[in-house]
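Hi everyone, thanks for coming. I'd like to walk you through a structure that may be new to you, so please have a look at it with me.

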Amino acid sequence: MNNRNRLTTFIMIALVVGIVVGYLVNANTDVAGATSFSDTMSLITTMFLRLIKMIIAPLVFATLVVGIARMGDAKEVGRIGVKALGWFVIASIISLSLGLVLVNIFRPGDALHAAGMMPPVDATSGITSGSLTMKDFITHLIPTSIVDGMAKNEILQIVVFSVFFGTAAAAVGARATPMIDAIDGVAHVMLKLTGYVMNFAPIAVFAAVAGIIAKSGLGVLSTYGIFMAQFYFGIALLWIVLIGIGMAVIGPRILRLISELRGPTVLAFSTASSEAAFPRTLESLERFGVKNRLASFVLPIGYSFNLDGSMMYCTFAAVFIAQAYGIELSLGTQITMMLVLMLTSKGMAGVPRASLVVIAATLNQFDIPEAGLLLLLAIDHFLDMARSATNVIGNGIATAVVAKWEGDLGEPNKEPAVSPLR
């Protein structure tokens, strides 16, 4: 068993043990004890996620700058960018539409409305929605300071700066070569550092699952079991659709890609964090045969524009809340909501509980009680696990498809994760 498979196995074991330990704590301690245990476990999870977050900004910057600079052609960068964004738009429409169709078929909110289980409309969810308009999105897109963008892990801002920086470095030519080599060295170091941090992943997974089960108990899963089952069915269907479209472009080899992405997908699922899986996803794509210069360009953009699982959840959850309050939304209103979510969902990577923030902003615009978010808070962690795993699969397929369109998809290789960028 190689190191990657061993880590995946340890993560799965930690997931199961975490459920068992969390249940035992919940069943054998009082509320105060369970809460204290949960708080301690959350500290461990937070430490791991912060270790991951400290890697993301320099890794995205280094790999993206080197990839663009070594392309050497601004037209190539533009062409790849257009193809990537084209795929992202198609995938976004599919994800949002699928969530909208399924929530109207299953109508999970009707049962809550009939039972009168909705929170009072004036209750507060604790989620700050803010205002997400086109102006806000555009102004947020451009960093006032790249240092500030990196400090806040604003992936979209880092991508914008890196694209300009890499393009300028390519235009300078030979004089920029020493600097690009140095940044290449930074990428190698960050990938090596990723390997060190990943050794703590099983501990973090155990802590995350044990903490949430100890605090909420297994009952939270049975209470919302039907809703969760319907959402997970939708996620499975989205996987089938994305893999099917990917197979139409790449061929049967898409199954090899899914196998390569197994490790980062399990990590994203277990930690409920797409960010945690970013470095491993980049390495998996390189092993699959995607040139690093292309993967390091497309993948970071995907983390801001192509969060398929999160987008499907946004339409599913927003209409679910409307149903719970007995609010009937016309087809036109639902389509308008979907278009709004197309905009507001961009750049949500790296924002804590980002999907809930986006949903809160959308509910306000359609006069749906924001208090409905309280219906989801208890199970959001378990829903986020599925969303995060789907985001990894979606971005992995997107990157491989763009590589195929570019004629830049090579044969699978077994090179180490810190192989030179090329």
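This is a predicted model: local features need pLDDT of at least 70, side-chain atom pairs count only at pLDDT 80 or more; totals for chains, interfaces and linings use all residues.

Helix H13 itself runs over residues 262-271, and it is mostly covered, with seven of its ten residues buried. Which residues of H13 are the buried ones? They are Pro264, Thr265, Val266, Leu267 and Ala268, and then Ser270 and Thr271.

Now let's turn to charged pairs. In general, side chains of opposite charge can pair when their charged atoms come close. How many salt bridges does the structure hold? The count is nine, and I'll show you some of them.

Take Glu260 and Arg256, whose side chains meet in a salt bridge at 3.3 Å, N to O. Both sit in helix H12, residues 254-260, and because they are four residues apart there, about one helical turn separates them. Is Glu260 buried or exposed? With 5% relative accessibility, Glu260 counts as buried, while Arg256, at 30%, counts as partly exposed.

Next, please find helix H14, which spans residues 278-288. Here Glu283 and Arg280 are three residues apart, about one turn of the helix. They form a salt bridge too, and their closest N and O atoms are 2.8 Å apart. Glu283 has a relative accessible area of 3%, so this residue is buried.

The next pair takes us further along the chain. Asp408 forms a salt bridge with Arg293, with 3.1 Å between the closest N and O atoms. This pair links distant parts of the chain: Asp408 lies in the segment after helix H20 (380-405), Arg293 lies in helix H15 (residues 292-305), and 115 residues separate the two. Both Asp408 and Arg293 are buried.

There is also a group of three to look at: Arg79, Lys83 and Glu406 are linked in a network of salt bridges.

Finally, let's move to the surface. Which residues form a nonpolar patch there? Val16, Ile19, Val20, Tyr23, Leu24 and Leu218 do, and together they have about 500 Å² of accessible area. At 36% relative accessibility, Ile19 counts as partly exposed.

That's my tour, and I'm happy to take questions.

Methods:
Residues are numbered from 1 along each chain as its sequence is written. Side-chain values use heavy atoms; hydrogens and water are left out. A salt bridge is a side-chain nitrogen of Lys or Arg within 4 Å of a carboxyl oxygen of Asp or Glu. Buried means under 20% relative accessible area, exposed over 50%, partly exposed in between (1.4 Å probe, protein chains only). Patches are made of residues with over 30% relative accessible area and no salt bridge: like charges are joined within 9 Å, nonpolar side chains (Val, Leu, Ile, Met, Phe, Trp, Tyr) within 5 Å. Accessible areas come from the Shrake-Rupley method with a 1.4 Å probe; for residues, only the protein chains shown count as cover.
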